[in-house]
Amino acid sequence: MSFVKSLKCRECGTEYPPIKIALCKKCFGPLDVVYDYDKIHISKTSFDNRPRTIWRYSELLPISDKKNIVDLNTGFTPLIKCVNLGKSLGIRNLYVKNDSVNPTFSFKDRPAEVAVSKAIEFGDSAVACVSTGNLAAAVAAHAGKANLPCYVFTPSSIESSKIAQIASYGAKIIPVRGTYDDANRLAYLASELYGWNIVNITSRPYYCEGSKTLAFEICEQLDWNRPDHVIIPVASGALLCAISRGFQQLEKVGLTKGEKIRLHGAQAEGCAPIAKAFTIGADKVLPVEHPKTIAKSIAIGDPGDGLYVLREVRRSEGVVGAVSDLEIVESIKLLAKTEGIFTEPAGSVTIALAKRLIEEGRIRRDDIVVCCVTGNGLKTIDAVSEYTFAFSEIEPTLEALSSSLG
Ligand SMILES: Cc1ncc(COP(=O)(O)O)c(C=O)c1O
Ligand SMILES: [Zn+2]
């Protein structure tokens, strides 16, 4: 049973029944799923015997019939208290939400699991997406499990390890010469021509819902307390907006209350349109035409939810900051070495930004800080290996060993 009441335009407030629709027909604004909160009765003990997946929060997810769920065991990833990393950065309560251990090794399993389940509910005969790599893997894996054909549009420049992963799930990859935005435009045209459900375009309101389970889990894993700061990688901005919505919904259903949670968005300097707008105090996000960063997963030059990221971050008194590729690599190594967590560049931007916010005094020593580590380091070996180790073979002798140890 679903508690979805309607879809509501974030701009003009027009409401729609929960059908397959991409945007508001009147103003092209994004649509948010509205739940009937009066009918939702959940308390902290409701969760005692529920699955340790995103579906433990099914009252706040937009699927009507359980039998349509394509369940790869997504979610309920560890929230790890990082004592060593915290010490090295100078704070006492640092946590990593380790979403790199989801079924396809990124947080994108959350929106993909909801979107593919919803596609089944809509009776779609195929699914598709446009992606910098991680969403493509997540949608492809779920489509495989659901036995649906899957088409993915990606920039042709994404990491070869991601291409191999996506192809293994059986998806048809369409590698587009150009940027994510070029691939996005082609995907949009294809959705019109072929009638495909491009999950992050055609059924975007539902797709966006999956990611807010990160916020639910963070609070539940903190014993239903709210963190002071959450640091989130930002590409299109959908994840940050979903996490913000998730925290608000927990208050609405009475599971949490308390202090303001500061949301911080982390981008890479080589593609930081939202950070730039934030820094100069602008209300417009000017696209970056040629993104250039090793954090390819978050290289989206024209972010669809850019304005809403600015709004949510300003409302929560957070920041949007950009970090350099060098800071990204240093943070990958620091997180791996201190906590044994190996992330891709898009995940380490949060550690790099945390470091800066601590140095600037915006994060204080006793604040509860959560960095969302959203993708696995094994997905981007090519991108980081040249920075992380020098490899030199030795003879199988003790002499050679001793001289190599110096
Ligand atoms: C690993 C990783 N983290 C964060 C993001 C940012 O997601 P969004 O586009 O929702 O801002 C992405 C997007 O692809 C990603 O792959
Ligand atoms: Zn509208």
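**Entry 1: the ligand site**

I started with ligand 1 and found that it sits in the largest pocket. For me, sitting there means that more than half of the molecule's atoms lie within 2 Å of the pocket's grid points. A pocket is an open set of points on a 1 Å grid over the protein atoms alone where a 1.4 Å probe fits, with protein on both sides within 12 Å along at least five of seven lines. My model is predicted, so local features need pLDDT of at least 70 and side-chain atom pairs pLDDT 80 or more, while totals for chains, interfaces and linings use all residues. Side-chain values use heavy atoms, without hydrogens and water.

**Entry 2: who surrounds the ligand**

I looked up the neighbours next, taking a heavy atom within 4 Å as the limit. Ligand 1 has 17 residues around it, and Asn134, Ala235, Ser236, Gly237 and Thr374 are the closest. By class I noted eight nonpolar, seven polar and two charged residues in this shell, with Gly counted as polar.

**Entry 3: polar contacts**

Here I took pairs of N or O atoms within 3.5 Å. For Gly237, a polar backbone atom is 2.8 Å from a ligand 1 oxygen. I also noted that the protein covers 98% of the 390 Å² of accessible area that ligand 1 has on its own (Shrake-Rupley method, 1.4 Å probe).

**Entry 4: Gly195**

Lastly, I found Gly195 in the loop between α5 (180–194) and β9 (197–198). Gly195 has a relative accessible area of 54%, so it is exposed (over 50%). From Gly195 to Gly265 I noted 34 Å, C-alpha to C-alpha, and 70 residues in sequence.

Terms used
Residues numbered from 1 in each chain as written. Chains lettered and ligands numbered in written order. Polar contact = N/O pair within 3.5 Å; in protein donor to acceptor, adjacent residues only side chain to side chain. 1 Å grid on protein atoms, 1.4 Å probe; cavity = no way out; pocket = protein on both sides within 12 Å on 5 of 7 lines; lining within 4 Å. Helix = DSSP H or I, 4+ residues; strand = E, 2+ residues; numbered from the N terminus. Buried < 20%, exposed > 50% of the residue type's maximum accessible area, 1.4 Å probe, protein only.
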